[in-house]
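Below is a short note for a colleague looking over the model. The points are grouped by element and by residue.

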Amino acid sequence: MDVRSKLADRFEDWSREGFDGTNCPVRQVLDRLGDKWTTLILIALAAGPRRFSALGRLVPDISKRMLTQTLRDLERDGMLSRRVFPTKPPSVEYELTELGRSALAPLSTLLDWAEARFPEIQAARARHDKAAQAD
């Protein structure tokens, strides 16, 4: 069975079972992974544990507030662990959990696709924008 048929069948099954969009596992997980910063943070942690300040330097343009919030959300979801060192001031280190590491393979596939298709997407956007301006 090809991917299109498999996905169409899965969606049909969900619909028959009374699809509840507010409690959909796909939506719940992809809302987190599709967040502006989550994927970059997961990739930054793929090489191993990192301190808060190191993550802030690695992820371009993220504010301390957004980094803190995203790390808290990922910790809540069980994707990373947080370790506090008893220094003055306290140092905090973040590391992917087994669940977080399990997300790296599908993320890698998505990143490969995004990098390969980005020029095509940029060209489509340019065509669309040009057509929209002509209207």
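Predicted model: local features only at pLDDT ≥ 70, side-chain atom pairs only at ≥ 80, totals over all residues.

1. Helix H3. In H3, the buried residues are Thr38, Thr39, Ile41, Leu42, Ala44 and Leu45. Helix H3 spans residues 38-45, and because 6 of its 8 residues are buried, the rest of the structure largely encloses it.

2. Salt bridges, overall. The whole structure contains 6 salt bridges.

3. Helix H1. Aspartate 13 and arginine 16 form a salt bridge in which the closest N and O atoms are 2.2 Å apart. The two residues are 3 apart in helix H1 (residues 3-16), which means about one helical turn separates them. Aspartate 13 is partly exposed, its relative accessible area being 32%, while arginine 16 is exposed at 59%. Glu12 also belongs here: a network of salt bridges links Glu12, Asp13 and Arg16.

4. Helix H7. A second pair consists of glutamate 120 and arginine 117, whose side chains meet in a salt bridge at 2.6 Å, N to O. Both residues lie in helix H7, 3 residues apart, which is about one turn of the helix. Glutamate 120 has a relative accessible area of 47% and is partly exposed. Arginine 117, at 37% relative accessibility, also counts as partly exposed.

5. Arginine 32 forms a salt bridge with aspartate 77, with 2.6 Å between the closest N and O atoms. This pair joins distant parts of the chain, 45 residues apart: arginine 32 is in helix H2, and aspartate 77 is in the loop between helix H5 (64-76) and strand E2 (80-85). Aspartate 77 is partly exposed, at 31% relative accessibility.

6. The largest pocket. About 480 Å³ of space lies in this pocket. Its lining comprises 17 residues, and those nearest the centre are Val29, Leu30, Arg32, Leu33 and Met79. Helices H2 (25-33), H6 (98-102) and H7 (104-134) each contribute at least two residues to the lining. Which helix gives the most to the lining? Helix H2 does, with 6 residues. By type, the lining residues are 9 nonpolar, 4 polar and 4 charged.

7. Glutamate 93. This residue is found in strand E3 (residues 91-96). Not counting residues up to four places away in sequence, glutamate 93 touches Pro49, Arg50, Arg51, Ser81, Arg82, Arg83 and Phe85.

8. Arginine 83. Arginine 83 lies in strand E2. Leaving out residues up to four places away in sequence, arginine 83 touches Ser91, Val92 and Glu93. Arginine 57 is 26 residues from arginine 83 in sequence, and the two are 19 Å apart in space, C-alpha to C-alpha.

Definitions and conventions: Residues numbered from 1 in each chain as written. Heavy atoms only, no water. 1 Å grid on protein atoms, 1.4 Å probe; cavity = no way out; pocket = protein on both sides within 12 Å on 5 of 7 lines; lining within 4 Å. Points joined across faces, edges and corners; volume = space filled by probe spheres on them. Helix = DSSP H or I, 4+ residues; strand = E, 2+ residues; numbered from the N terminus. Nonpolar A, V, L, I, M, F, W, Y, C, P; charged D, E, K, R; others polar. Contact = heavy atoms within 4.5 Å. Buried < 20%, exposed > 50% of the residue type's maximum accessible area, 1.4 Å probe, protein only. Salt bridge = Lys/Arg side-chain N within 4 Å of Asp/Glu carboxyl O.
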